[in-house]
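Here is a short tour of one protein model, written for someone who likes to know the cut-offs behind each value. Please have your viewer ready.

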Amino acid sequence: MLLASYLQDTWITPSAPGATAVDVYDAVTGETVCRVSSQGLDLAGAFDHARETGGPALRALTFHQRADLLDALAAAVRARREELYALSIRAGATLGDARYDVDGGIRVLRDYATRARAELPDAPHLVEGPAERLARGDDFLGVHLVTPSPGLMLQVNAFNFPVWAPLEKLAQALLAGMPSVVKPATPTAYLTEHLVRIIADAGVLPPGAVQLVVGSVRPALDLLGEQDVVSFTGSAATAATLRTHPRLVARSVRFNAEADSVNAIVVAPDVTPGSPLFEAFVREVVAEMTVKAGQKCTAIRRVLVPREHERAALDAISSGLAGVTVGHPAAEGVGMGPVVSLAQRDDVRRAVRTITASGRFVYGDPEKARVVDVDPERGAFLDPLLISADPDASAPHEVEPFGPAATVLAYRDTAHAVDLLARGRGSLAASLVGDDLAWTTGVVRRTAPWHGRLHLLDSVTMTQTTGHGSPLPALRHGGPGRAGGGSEMAGIRGVLDLMQRTALQASPRVLDSL
């Protein structure tokens, strides 16, 4: 089956994809799910449709009316979410994994709808105040006017969140009055395609507000202009290539990147093995290694522990991993399915081999997964892989195994731990675990510049935490350096970042009219 794209409010299947078509396989069985190609698609027409039809319709609405669209969209997806759960099995997702993706996307839509009504005016634009007096009198004032841009958002999404990612970006773009063209990653494009079918069938969005391109969009980069936005999620290498595309550079196209990073968790010296806080730390690591088979951009890759607690940490994490059954994601009792494809499995194997050049496997065999109810050779299965490595080797801080793998690194003292964190060259998230306030505040001050989010786990928060790897609509999602330097969500700030802020100098009479 050749997957269709949704362009100019019509489902279109390439008539002659030829050699450009890419086969997509079931992560569990290895069977072909679909083929993907954008050969012959009218991308120029799609972009024009977004700018000339979708954009004007959205910009004519107030923020509150756009919030109504988000609520209607959330209701439409929720009504058919079981379809997305079932289809997610083919991507290797357990029911818990699918809920993380699908229900997470629904929650972001609802959160932004609520925030828009509470924090934004019932108007198409925002006047940020209070006004600044610019002269001796009171008749020459200055404010900032925030208006929708007459462009489009090109979403370039990763394979690991085929539902949450497009919905999270749609929430902000729709509120900002900007139509979206969604380009899903090929390995899970069939899931995003079904999501867009649900949206199109519901008819809750204006024509041109959302379109879908399955397959390559590289030719479309030459169609982007000054008012457009590229919202990218994926590898740091691909982000660097796109960021320097001649068209994007020449036209100053806004480029927002959320890239992979070697996120870390650090255990403070005061956390003793066997304590409730130590057990909470172990649960975080095990969950981050196994939820979605470790295929999360925020997943823990480096586990920093005091040297004196290294053995205890390795034993406790290994014990936790031993309690996770790997196998068919629909089977009873299975806690972890395969990674998304055989190619991804091979990428993880290469990465962990590189890291273990300066270390060893403590738990799991990268070449032979222990699975139930499935053929381990046909599917893209891996054991959870726990590694112990030299903390001062370069590979653990530079190589990311994007799968169920993490490396334990024993630090000498706090200064050493801070230095090790910085060797990741910028991360989306890090967790600090400890009750010692002096230690925690000191490490926060020194490491915050390297991280988009810091998750501080202590004896107070450990029973209420939403988890190391969970981005929240209220908080920034993004990170410096290797993590891409971008920013998503952060409440209403994420919406206003997509709009144009213009300084106005005028009389009170003119400003009142706005």
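## Ground rules

This is a predicted model, in which local features need pLDDT of at least 70 and side-chain atom pairs count only at pLDDT 80 or more, while totals for chains, interfaces and linings use all residues. Residues are numbered from 1 along each chain as its sequence is written, and side-chain values use heavy atoms, with hydrogens and water left out.

## The largest cavity

The structure holds 2 cavities of 30 Å³ or more. A cavity here is a set of points, on a 1 Å grid over the protein atoms alone, where a 1.4 Å probe fits but cannot get out; lining residues have an atom within 4 Å of a point. Grid points are joined across faces, edges and corners, and a volume is the space filled by probe spheres set on the points.

The largest cavity has a volume of about 150 Å³. Its lining is made of 17 residues, and those closest to its centre are Ala91, Ala93, Asn160, Lys292 and Gln295. Helix 4 (residues 95-119) gives the most to this lining, with 3 residues; helices are DSSP runs of H or I with at least four residues, strands are runs of E with at least two, and both are numbered from the N terminus. By class, the lining of the largest cavity has 9 nonpolar, 5 polar and 3 charged residues. Ala, Val, Leu, Ile, Met, Phe, Trp, Tyr, Cys and Pro count as nonpolar, Asp, Glu, Lys and Arg as charged, and the others, Gly among them, as polar.

## The second largest cavity

For the second largest cavity, the volume is about 70 Å³. Its lining includes Asn160, Trp164, Glu258, Cys297 and His477. Helix 5 (residues 164-175) is the top contributor here, with 4 residues. The lining of this cavity divides into 5 nonpolar, 3 polar and 3 charged residues.

Ser180 sits in strand 8 (residues 180-183). Ser180 counts as buried because its relative accessibility is 0%, where buried means under 20% relative accessible area with a 1.4 Å probe, protein chains only. Beyond residues up to four places away in sequence, Ser180 touches Met153, Gln155, Leu170, Ala173, Ala209, Val210 and Gln211; contact means heavy atoms within 4.5 Å.

Val348 belongs to helix 11 (residues 342-355) and is buried, at a relative accessible area of 1%. Leaving out neighbours within four places in sequence, Val348 is in contact with Leu382, Pro401, Phe402 and Gly403. The C-alpha atoms of Val348 and Ala405 are 8.1 Å apart, although 57 residues separate the two along the chain.

Terms used:
Buried means under 20% relative accessible area, exposed over 50%, partly exposed in between (1.4 Å probe, protein chains only). On a 1 Å grid over the protein atoms alone, a cavity is a set of points where a 1.4 Å probe fits but cannot get out, and a pocket is an open set with protein on both sides within 12 Å along at least five of seven lines; lining residues have an atom within 4 Å of a point.
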